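Dear colleague,

I am handing over the structure below, followed by my notes on what was found in it.

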Amino acid sequence: MTESATLFNRLALIGTGLIGSSIARAARAQGVAREIVATARSAATRRRVAELGLADQVVENNAAAVEGADLVIVCVPVGACGAVAAEIGPHLARGAIVSDVGSVKSAVVRDMAPHVPAGVHFVPAHPVAGTENSGPDAGFAALFVGRWCILTPPEGADPAAVERLAAFWRALGANVETMPAAHHDLVLAITSHLPHLIAYTIVGTADEFAEVTRSEVLKFSAGGFRDFTRIAASDPTMWRDVFLANKDAVLEMLGTFNEDLAQLARAIRRGDGDALFAHFARTRAIRRGIVEIGQDSPAPDFGRPHPDLPLAPLPRPYAASDDD
Ligand code: NAP
């Protein structure tokens, strides 16, 4: 059987926002599930999911969604995973795989595992892919292509179930890696959670900085600020939950970050250009490494289109004259 052949009979998606709807689109495009059942918390989202034709069935509640499903993926904010697990637990089919997509893993395992009955395989996952947008309209089938999906199976998890879920994610275009939940949380604290915290901070600071008017901040944002604003536009509910759920790892990374920031501040204060140059040269090499392994485009300025130079005549003093 090739990896893109049907892997599951019935895929149930609990939560159909950016990630859930992207899974629905990609799973359908790849034919990895015979049937897709989806649900969401609000009637408005469920209606939209039905309008977009993202699932074969859109049902009203979580318990109904998981009936007869052999793969259940919980795609709700991290802080809601425990309550959802409590609701679906008694309705899960024997032999089914239950997974999630939460950006934090230890807290999700702690909250969901007690509700997963014996005979059901619990294999938490985190697709490291996303955008700053939310909701079912924001999703797209190619979201996971070339991105990593990290599986954090608890000790004693059935290897066949883990491999079946890995095959599912590979069929959606992702690369799959497996690691313990606590290690995932440490890695993501530095690669994702701390950058988000810094972006939320700097955009907030600029907003409060009275000497520079708000219109100037917006006007001259291409100086670097706008790249932070994209991250700082990420969903407030999701990120509130991420920081509360990954508190220890984030605080540990933040401590190291504060020390490094103090060192750079000291170099600036002392006029230590060599220290600044050495630091910036090191970070530039990290960026090159990310491009080299295909995790970002080599196009300058994140590939933003730049308008052509207008073909207007040069002002008089610079224009060629008969005397030149
Ligand atoms: P989203 O677009 O906001 O969608 C969230 C979905 O969960 C919606 O269907 C929403 O229903 C439902 N929901 C919200 N609060 C709920 C609650 N308290 N109980 C039950 N359902 C609830 O969010 P998302 O970006 O897809 O994120 C979903 C999960 O993916 C999160 O755990 C996040 O950590 C993880 N993740 C996100 C990204 C990213 O970049 N966004 C990347 C990787 C992983 P309604 O629409 O009806 O409110």
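A salt bridge is taken here as a side-chain nitrogen of Lys or Arg within 4 Å of a carboxyl oxygen of Asp or Glu.

Before going further, please note that this is a predicted model, in which local features need pLDDT of at least 70 and side-chain atom pairs count only at pLDDT 80 or more, whereas totals for chains, interfaces and linings use all residues. Residues are numbered from 1 along each chain as its sequence is written, and side-chain values use heavy atoms, with hydrogens and water left out.

Overall architecture

The protein has 12 helices and 9 strands, these being DSSP runs numbered from the N terminus (helices H or I with at least four residues, strands E with at least two). Its C-alpha trace spans about 85 × 50 × 40 Å along the principal axes, and of its 324 residues, 37% count as buried. The protein exposes about 18,100 Å², of which carbon and sulfur atoms supply 57%; accessible areas come from the Shrake-Rupley method with a 1.4 Å probe, and for residues only the protein chains shown count as cover.

The domain assignment, which is of the automatic or database kind, gives domain 1 (8-179) and domain 2 (184-297). The C-alpha centres of domain 1 and domain 2 lie 30 Å apart, and 19 residues of domain 1 are in contact with 16 residues of domain 2, contact meaning heavy atoms within 4.5 Å. Among contacts between residues at least 6 apart in sequence, 75% join residues at least 24 apart.

Charges and salt bridges

The protein has 29 positive and 37 negative side chains, and the centres of the two sets lie 2 Å apart. In that count Lys and Arg are positive and Asp and Glu negative, with His and the chain ends not counted, and each charge is placed at NZ of Lys, CZ of Arg, CG of Asp or CD of Glu. A search of the whole structure finds 13 salt bridges.

One of these joins Lys 105 to Asp 100, with the closest N and O atoms 2.8 Å apart. Lys 105 is buried, at a relative accessible area of 0%, and Asp 100 is buried as well, also at 0%.

Another salt bridge joins Asp 227 to Arg 304, where the closest N and O atoms are 2.5 Å apart. Asp 227 lies in helix 9 (residues 225-232) and Arg 304 in the segment after helix 12 (273-292), so this pair ties together parts that are 77 residues apart in sequence. Asp 227 counts as partly exposed at 26% relative accessibility, and Arg 304 is partly exposed at 27%. Both belong to a network of salt bridges that links Arg 226, Asp 227, Asp 301 and Arg 304.

Asp 301, which lies in the segment after helix 12, is not a glycine and yet has a positive phi of about 55 degrees; at 29% relative accessibility it counts as partly exposed. Phe 302, found in the segment after helix 12, has a phi near 55 degrees, again a positive value in a residue other than glycine.

Leu 11 sits in strand 1 (residues 8-14) and is buried, with a relative accessible area of 0%. Leaving aside neighbours within four places in sequence, Leu 11 is in contact with residues including Ile 23, Ala 27, Val 37, Leu 71, Ile 73 and Phe 168.

His 121 is in strand 6 (residues 121-122) and counts as partly exposed at 23% relative accessibility. Not counting residues up to four places away in sequence, His 121 touches Gly 95, Ala 96, Ile 97, Val 98, Asp 158 and Ala 161.

Methods: Buried < 20%, exposed > 50% of the residue type's maximum accessible area, 1.4 Å probe, protein only.
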